Amino acid sequence: MEKTNAMRLLDQKKISYTPLDYSATEFINGKEVADFLGVPYSHAFKTLVTVGKSGRYYVFDIPVDKELDLKKAAISVNEKNVSMVKSKELLPLTGYIHGGCSPVGMKKFFTTTFDSSVLDKETIYFSGGKIGIFLQIKYKDLSKIVPHKTADLIVQE
């Protein structure tokens, strides 16, 4: 398996992870990927990049089966509002494409917030920085590579 930027950074920091390959499938939807890999939705996180009214960029990670509550997201980063970054802006901004965006190894560091549901997870999963690769990592190790905070970010059903 070819190493991604996210994997190289984890190796550099000596953080243990397990790459999970789903490249033989056509999945892009996070729920389909989680189903294929046998990972609970609540442990599999999607990485969403937003821009605030101030022009600052923010990264939010939420479970793959949930929807980001933009109002809660804005409040968590002290913005009036945030909106999703357009797909075409993602690559030049982060170095990643839609469907392969990882919280690890972006071109620049952006304020990152995980949904508070992550706090009760020993192990989490997220994109490895390329469509076809998910990474499994212990949550306690995540802060060694991605400074982040947690907040309630999801739309309540």
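Predicted model: local features only at pLDDT ≥ 70, side-chain atom pairs only at ≥ 80, totals over all residues.
Next I went back into H1, which spans residues 5-12. Which residues of H1 are buried? I noted Ala6, Met7 and Leu10. They cover an arc of only 95° around the axis, so they sit on the same side of H1. I then checked what covers the buried residues of H1, and the cover includes strand S1 (17-21) and strand S7 (133-138).

Beyond its neighbours within four places in sequence, Leu10 is in contact with Ile15, Tyr17, Val104, Leu135, Ile137 and Ile145.

Then I looked up the largest nonpolar core, which has 28 residues. Leu10, Val49, Ile124, Leu135 and Leu142 have the most contacts inside it. H1, strand S2 (44-52), helix H4 (87-94), S6, S7 and helix H5 (139-142) each give two or more residues to this core. Apart from it I found another core, of 12 residues, including Leu48 and Tyr58.

My last stop was Ser127, in strand S6 (residues 123-127). Is Ser127 buried or exposed? Ser127 counts as buried, because its relative accessibility is 6%, and the cut-off for buried is under 20%. What lies 3.3 Å from a polar atom of its side chain? I found the backbone oxygen of Gly100 there. Leaving out residues up to four places away in sequence, Ser127 also touches others, among them Phe45, Cys101, Ile133 and Leu135.

Conventions
Residues numbered from 1 in each chain as written. Heavy atoms only, no water. Helix = DSSP H or I, 4+ residues; strand = E, 2+ residues; numbered from the N terminus. Buried < 20%, exposed > 50% of the residue type's maximum accessible area, 1.4 Å probe, protein only. Polar contact = N/O pair within 3.5 Å; in protein donor to acceptor, adjacent residues only side chain to side chain. Contact = heavy atoms within 4.5 Å. Arc of directions from axis to C-beta. Core = buried A, V, L, I, M, F, W, Y, C linked by side-chain atoms within 4.5 Å.
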